[in-house]
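Subject: A structure for you to look at

Hi,

Here is the structure I promised to pass on. Have a look through it first, and then read my notes below.

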Amino acid sequence: MIKFKTKKRIFSILQGRNLSRFKGEGLDFREFREYGFNEDAKKIDWKISAKINKPLVKEYDEERELRIIIAILPTPSLHFGIKTLKSEYLQGLIEFLGIEAIKEDNRVEMVILEKTPVIFKPTKNIKTHIAYTQKIKNIDFLNTCPGDLKILNKFKISLLILIGDFFEKIDLSYLKHETFVIVLRDIAEENPPFRGDITLFDPVKKEDVNVNFTNSDAKKINMYIQKVDKQNFLHFKKLKIPFVKIYTDENPIPKLIRLFK
């Protein structure tokens, strides 16, 4: 359903179903092209060339395996949800992405970017990947905070899918990977539906807070989120990083298809 594509040469040696163009012999013939100066004459298809009186070379499509990293940016705010916790939705989202990638014969690696990163062994086995995603249930998001993203540069160049709620400005300019960003939100975070005397949990102080929540408070929260989103989205566009915002009350598949198109 989802076809993972990359513009850079980030393929591993093993073969998979992702197409990369190359010159010479390969698996699937793609097209003829005109012979270039100083190329190996052995590449010329003399039979076809004789028919049109012009030297032509065959080009093929080679299939190779992608290295895919699914990285979670953990924050206390992922433990939020009116109907579904973002952390629960996150688990299903990662499970789906990994299964789709493995179906295409790709190898998937999952990383939880805590201060001490949790790195799962790369796998091409769907059952193993699902078992890994089950471990997300054990993350204490309320008592976690993201670590240094620069650790991702210690991995071989890969197709990186970075997932978080991105409520703070972030810098991804130093990442060497071909990166895709998924912003995960609950619609109530951007447009709080509650008003009056309510009890909220402060994920920073780790305590309940009694507040009188007004329309003005809701407006301030919305304005803050819009400001952060604008900064981050402009940053992503500048770096040519594809991104999408997904809410926990919607089917993510149509947006994911467009993201990786």
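Let me start with a term: a residue is buried when its relative accessible area is under 20%, exposed when that area is over 50%, and partly exposed in between (1.4 Å probe, protein chains only). Ile157, with a relative accessible area of 34%, is therefore partly exposed.

Before going on, please note that this is a predicted model, where local features need pLDDT of at least 70 and side-chain atom pairs count only at pLDDT 80 or more, while totals for chains, interfaces and linings use all residues. Residues are numbered from 1 along each chain as its sequence is written, and side-chain values use heavy atoms, with hydrogens and water left out.

Back to Ile157: you will find this residue in the loop between helix H3 (126-134) and E7. Helices (H or I, at least four residues) and strands (E, at least two) are DSSP runs, numbered from the N terminus. Ile157 and Arg67 are 90 residues apart along the chain, yet 7.8 Å separates their C-alpha atoms.

Next, the inside. A nonpolar core is a set of buried Ala, Val, Leu, Ile, Met, Phe, Trp, Tyr and Cys residues joined through side-chain atoms within 4.5 Å. The largest one here has 33 residues, and Phe4, Leu97 and Leu256 are among those with the most contacts inside it. Several elements give two or more residues to this core, including strand E4 (67-72), helix H2 (86-103) and helix H6 (253-259). H2 supplies the largest share, 7 residues. Of the 18 residues in H2, 13 are buried.

Contact means heavy atoms within 4.5 Å. Leaving aside neighbours within four places in sequence, Leu256 is in contact with Ile2, Leu93, Phe96, Leu97, Ile182 and Ile246. Another core, of 19 residues, lies apart from the largest one and includes Ile69 and Val183.

Enjoy exploring!
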